[in-house]
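Dear colleague,

Please find below the structure that I am handing over to you. My findings follow it.

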Amino acid sequence: MSYKALYRAGEVIAAEMVALAQRAIGEALGKEGSSSRLADSLLTEIDLSGDSLVIHLLMDNYVGYIDRGRKPRSGKLVPIDELRDWALEKGIDADNGTLYAISQAIWRDGIAPRPILSKIEEYADMAFDERWADLLMDALIDDLITYFNQ
């Protein structure tokens, strides 16, 4: 059976997933309406195999660190090599002394969690209830009509 309408619905949902994930990231990072490396890393993959439609939302793996935060005085110091690109992007002096001081401050004070993943899930649940369920049902009916009219 051909699932052309279902795949097209998946493409619409995938595009909307990227938009809602960008919104959630912007809210969590305080950069609503502006770009961030995490928001720019978003990709979707549509897997239509057998009788299942699966849409994968992919993003850089450091989203987990942002989502969970970091407890004060726990774990190792952040390696200064990992801070260098961030500092240069923010216009902060990227010499080793400055980066070491930032690493020490992160270890000492921690970083508050910024819930991105739960917000994406919340937005996806709302979108499914408001739009995606009907979109998928209509696409499935279209594909069934096409199948039975062959």
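Predicted model: local features only at pLDDT ≥ 70, side-chain atom pairs only at ≥ 80, totals over all residues.

The structure holds six salt bridges. One of them joins the side chains of Arg131 and Glu16, at 2.7 Å from N to O. This pair links distant parts of the chain, with Arg131 in helix α6 and Glu16 in helix α1 (residues 4-29), 115 residues apart. Arg131 is partly exposed at 39% relative accessibility, and Glu16 is partly exposed at 25%.

Two further salt bridges lie within single helices. Asp81 and Arg84 meet at 3.7 Å, N to O; because they are three residues apart in helix α4 (residues 80-90), about one helical turn separates them. Asp81 is exposed, at 60% relative accessibility, whereas Arg84 is partly exposed, at 25%. In helix α6, Lys119 and Glu122 are likewise three residues apart, and their closest N and O atoms are 3.8 Å apart.

Asp143, also in helix α6, is buried yet has no salt bridge. The nearest side chain of opposite charge, Arg8, is 5.8 Å away. The side chain of Asp143 does reach the backbone nitrogen of Leu6, at 2.9 Å.

Leu144 lies in helix α6 (residues 117-148) and is partly exposed, with a relative accessible area of 34%. Together with Leu140, Tyr147 and Phe148, Leu144 makes a nonpolar surface patch of about 390 Å².

Finally, strands β1 (residues 43-49) and β2 (residues 52-58) pair in the antiparallel sense over seven bridges, with Glu45 partnered by His56 in β2. The two strands form a hairpin with two residues between them, and Gly50 in the turn has a positive phi of about 65°.

With kind regards

Key: Residues numbered from 1 in each chain as written. Heavy atoms only, no water. Pairing = 2+ DSSP bridges. Helix = DSSP H or I, 4+ residues; strand = E, 2+ residues; numbered from the N terminus. Patch = residues over 30% accessible without salt bridge, like charges linked within 9 Å, V, L, I, M, F, W, Y side chains within 5 Å. Areas by Shrake-Rupley, 256 points an atom, 1.4 Å probe, with all protein chains shown as cover. Salt bridge = Lys/Arg side-chain N within 4 Å of Asp/Glu carboxyl O. Buried < 20%, exposed > 50% of the residue type's maximum accessible area, 1.4 Å probe, protein only. Lys, Arg positive; Asp, Glu negative; His and termini not counted. Polar contact = N/O pair within 3.5 Å; in protein donor to acceptor, adjacent residues only side chain to side chain.
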